[in-house]
Amino acid sequence: MSTLKAPNGKLITLLLLAIIGILFTACYPDNPQSTFDATGPVARSQLTLFWVIFWAAVFVFVVVEGILVYAAFKYRRKPGDGDPHQTHGNTPLEIGWTIIPSIVLIIVAVPTVITIFDNANSPDPEGALQVGVVGEQWWWEFNYPDPNDPDNTLITANELHIPVDEVVNITLDSRDVLHSFWIPKIAGKVDLVPNNRNTMWIKGEETGTFYAQCAEFCGESHALMRFWVIVETREEFDAWLESERADAIEPTDPLAKQGKAIFEGPQAQCWTCHTIKGTQAQGKIGPDLTHVGRRTHIASGIRENTQENLTEWIANPNAVKPGNIMFTQGQVYNDPQLALSEAQVAALVRYIQGLQ
Ligand code: CUA
């Protein structure tokens with residue numbers, strides 16, 4: 001007696017439905033990471049290259065599998081068959097299956113090489129906007145040099161603003177390990193390598209906010225190393241740049257003033273790692289917070305910039321982004337005697353939210 005049971009029909013139906021459901025999620029039109037919805041020339045050229053390679057692969061698959069299936073059925077062993085006719089070598093066939101793959105490889109290689117060089121060489125290397133990108137575990141620094149004043153570089157973090165329809169030349173550096181810069185709908189991916197500057201260019205063709213992220217495994221919170229790209233009109237961009245260069249707003253309400261005192265005080269010492277322009281805080285280890293209150297997200301793009309999220313982030317950053325330097329190095333998180341009280345966190349949150 002066999003103990004094997006026929007597969008449960010309901011289970012198979014459920015499994016199939018689950019698989020179909022998962023496949024259908026790929027059709028969701030607003031997928032923020034979809035490279036099939038390219039909105040810039042770099043991403044579009046990469047998409048075109050994808051389709052060339054995809055159809056070349058489909059051609060190879062159909063031809064090879066077609067011949068295989070045809071041969072398997074047509075020449076399958078039938079009752080009464082003896083040994084098949086033995087063949088050794090077939091020159092025309094061998095020439096054919098050398099030439100045809102060579103042609104397929106050329107069809108793939110030519111557009112690949114063209115796309116690589118097109119994406120590496122900026123169409124406007126001198127005149128275009130220059131932006132420096134620096135990868136850190138696990139956030140992004142963006143800096144905007146002032147073409148008229150080399151000492152006046154704007155440093156910001158985690159939200160990359162670019163003007164629409166303009167070529168933006170980007171330099172990529174890393175302060176620690178390998179990262180990779182990727183804005184799925186606009187351009188990607190180029191690695192950020194310590195001590196080796198890479199360059200790329202991007203251009204956004206639609207205004208809006210675009211999802212972006214690190215695409216190279218870089219440690220515990222790699223998956224949480226995200227950022228947002230804001231593509232805006234030239235006027236909006238200029239206004240943003242101008243306002244970002246300004247010093248921080250001095251807090252006026254008592255709670256925010258208290259927060260500033262904690263930020264700069266000996267217990268929290270936030271100022272040793274963060275810069276807030278116009279104050280004594282000039283640290284370079286963490287993100288520049290001069291106008292952090294304006295950013296839509298905190299903690300490198302992973303949480304909306306709300307009072308609740310900021311409170312959670314400051315109270316226990318490790319719960320939001322495991323292994324981050326603020327948690328591993330900050331004395332308030334490592335010395336129970338120095339831990340921040342709820343009231344102190346609330347004051348810090350008020351101060352930081354006011355940094356508009
Ligand atoms: Cu940075 Cu992954």
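This passage describes the overall dimensions of a predicted model and then some of its helices and strands. Local features are given where pLDDT is at least 70 and side-chain atom pairs where pLDDT is 80 or more, while totals for chains, interfaces and linings use all residues. Residues are numbered from 1 along each chain as its sequence is written, and side-chain values use heavy atoms, with hydrogens and water left out.

The chain contains ten helices and twelve strands; helices (H or I, at least four residues) and strands (E, at least two) are DSSP runs numbered from the N terminus. Along the principal axes, the C-alpha atoms fill a box of roughly 100 × 70 × 35 Å. The radius of gyration of the chain is 28 Å, whereas a compact globule of 356 residues would have a value near 21 Å. This radius is taken over C-alpha atoms, and the globule rule is 2.2 Å times the number of residues to the power 0.38. The accessible surface comes to about 20800 Å², and carbon and sulfur atoms hold 61% of that surface. Accessible areas come from the Shrake-Rupley method with a 1.4 Å probe; for residues, only the protein chains shown count as cover. Of the 356 residues, 39% are buried (buried means under 20% relative accessible area, exposed over 50%, and partly exposed in between, with a 1.4 Å probe and protein chains only). Among contacts with a separation of 6 or more, 63% are between residues 24 or more positions apart, where contact means heavy atoms within 4.5 Å.

Ile19 lies in helix α1 (residues 9-25) and is partly exposed, with a relative accessible area of 48%. Together with Ile12, Leu16, Ile20, Leu23 and Phe24, Ile19 forms a nonpolar surface patch with about 610 Å² of accessible area. Patches are made of residues with over 30% relative accessible area and no salt bridge, like charges being joined within 9 Å and nonpolar side chains (Val, Leu, Ile, Met, Phe, Trp, Tyr) within 5 Å. A salt bridge is a side-chain nitrogen of Lys or Arg within 4 Å of a carboxyl oxygen of Asp or Glu. Thr115, in helix α3 (residues 91-120), counts as buried at 10% relative accessibility. Beyond its neighbours within four places in sequence, Thr115 is in contact with Ser45, Gln46 and Leu49. In helix α5 (residues 254-264), the buried residues are Ala256, Gly259, Lys260, Ile262, Phe263 and Glu264, and their cover includes α10 (342-353).

Strand β5 (residues 168-174) has seven of its seven residues buried. Val168, Ile170, Leu172 and Ser174 lie on one side, and Asn169, Thr171 and Asp173 on the other. Strands pair if DSSP finds at least two bridges between them. Strand β1 (residues 129-136) runs parallel to β5 and is joined to β5 by seven bridges, with Val134 opposite Asp173. Strand β8 (residues 198-202) is antiparallel to β5, with five bridges, and Trp201 of β8 stands opposite Asn169.

In strand β6 (residues 179-183), five of five residues are buried. His179, Phe181 and Ile183 point one way, and Ser180 and Trp182 the other. Four antiparallel bridges link β6 to strand β7 (residues 187-192), and the two strands form a hairpin with three residues between them. Ala187 in β7 is the bridge partner of Ile183. Strand β6 also pairs with strand β9 (residues 208-214), in the antiparallel sense over two bridges; there, Gln213 is the bridge partner of Trp182.
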